[in-house]
Amino acid sequence: MIVALLLAVTFIYLVLCSLYESFVTPLTIMLVLPLAMCGAFAALYLTHKSLDLFSMIGCILLLGVAIKNSILLVDFANQKVLDGMERNEAMIMAGKTRLRPILMTTFALIAGMLPIAVGLNEASAQRTSMGIAIIGGLVSSTALTLLVIPAAYAYIDRFRVWSLRVMKLIFAVP
């Protein structure tokens, strides 16, 4: 499962690098991964559930949803910056515009995971750790995505612009 998790993170990073044509911008998006994993582990700890196969599968699913929420914010802000808007204003507008889709996705997935997390019968009692990990990770990643990603975007995008300028000077690209 650790190899699967590392491969998933690596492939997500490579796809984002090719999508944004940058090695730096995907770091802003992937900053949400530790936030989601901390929420999943905290939920498992608080409910006295173990980190078993089902909860690890839930963590891999959680990574995809958390990154999707982060992509919604960063991509919208990037589009507005390309349209000529200032970076901070673009991120504020992205937060206002993309809040509803992020919350709708989160609430729908939490509602879908509640029957699994409750585990009413013996067959579903095995998978309760998966539902708990997903719900805990979604709550923490959604709340922190809306706070941490906009702040990190300003710094990381500023670094991206600076490093692009330095590379153009070094390699004398017009």
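## Helices side by side

Helix H1 (residues 2-20) packs against helix H4 (residues 53-82) at an angle of about 15°, and their axes are 12 Å apart. Axes here are lines fitted to C-alpha atoms, for helices over the stretch in contact, and angles run from 0 to 180 degrees between N-to-C directions. H1 and H4 are therefore roughly parallel to each other; angles under 35 degrees count as roughly parallel, over 145 as roughly antiparallel, 65 to 115 as roughly perpendicular and the rest as oblique. From H1, the contact is made by Ala-4, Leu-5, Val-9, Ile-12, Leu-16 and Tyr-20, and from H4 by Ile-60, Leu-63, Ile-67, Ile-71, Asp-75 and Asn-78. Contact means heavy atoms within 4.5 Å. Sorted by class, the contact of H1 with H4 has ten nonpolar, one polar and one charged residues. In this scheme Ala, Val, Leu, Ile, Met, Phe, Trp, Tyr, Cys and Pro count as nonpolar, Asp, Glu, Lys and Arg as charged, and the others, Gly among them, as polar.

A word on the basis of all this: the model is predicted, so local features need pLDDT of at least 70 and side-chain atom pairs count only at pLDDT 80 or more, while totals for chains, interfaces and linings use all residues. Residues are numbered from 1 along each chain as its sequence is written, and side-chain values use heavy atoms, with hydrogens and water left out.

## The whole protein

The protein has seven helices and zero strands; helices (H or I, at least four residues) and strands (E, at least two) are DSSP runs, numbered from the N terminus. Its C-alpha atoms fill a box of roughly 65 × 35 × 20 Å, taken along the principal axes. Of its 174 residues, 37% count as buried, where buried means under 20% relative accessible area, exposed over 50%, and partly exposed in between (1.4 Å probe, protein chains only).

H3 and H7 pack at an angle of about 140°, with axes 7 Å apart. That makes H3 oblique to H7. Among the residues that meet here are Leu-35, Ala-36 and Gly-39 in H3 and Gly-136, Gly-137 and Ser-140 in H7. By class, this contact of H3 with H7 has eleven nonpolar, seven polar and no charged residues.

Is Ser-140 buried or exposed? At 15% relative accessibility, Ser-140 counts as buried. Ser-140 lies in helix H7 (residues 128-171). Leaving aside neighbours within four places in sequence, Ser-140 is in contact with Leu-35, Ala-36 and Gly-39. The side chain of Ser-140 also reaches the backbone nitrogen of Gly-39 at 3.5 Å.

Most residues other than glycine have a negative phi.

| Residue | Phi | Place | Relative accessibility |

Technical notes: Polar contact = N/O pair within 3.5 Å; in protein donor to acceptor, adjacent residues only side chain to side chain.
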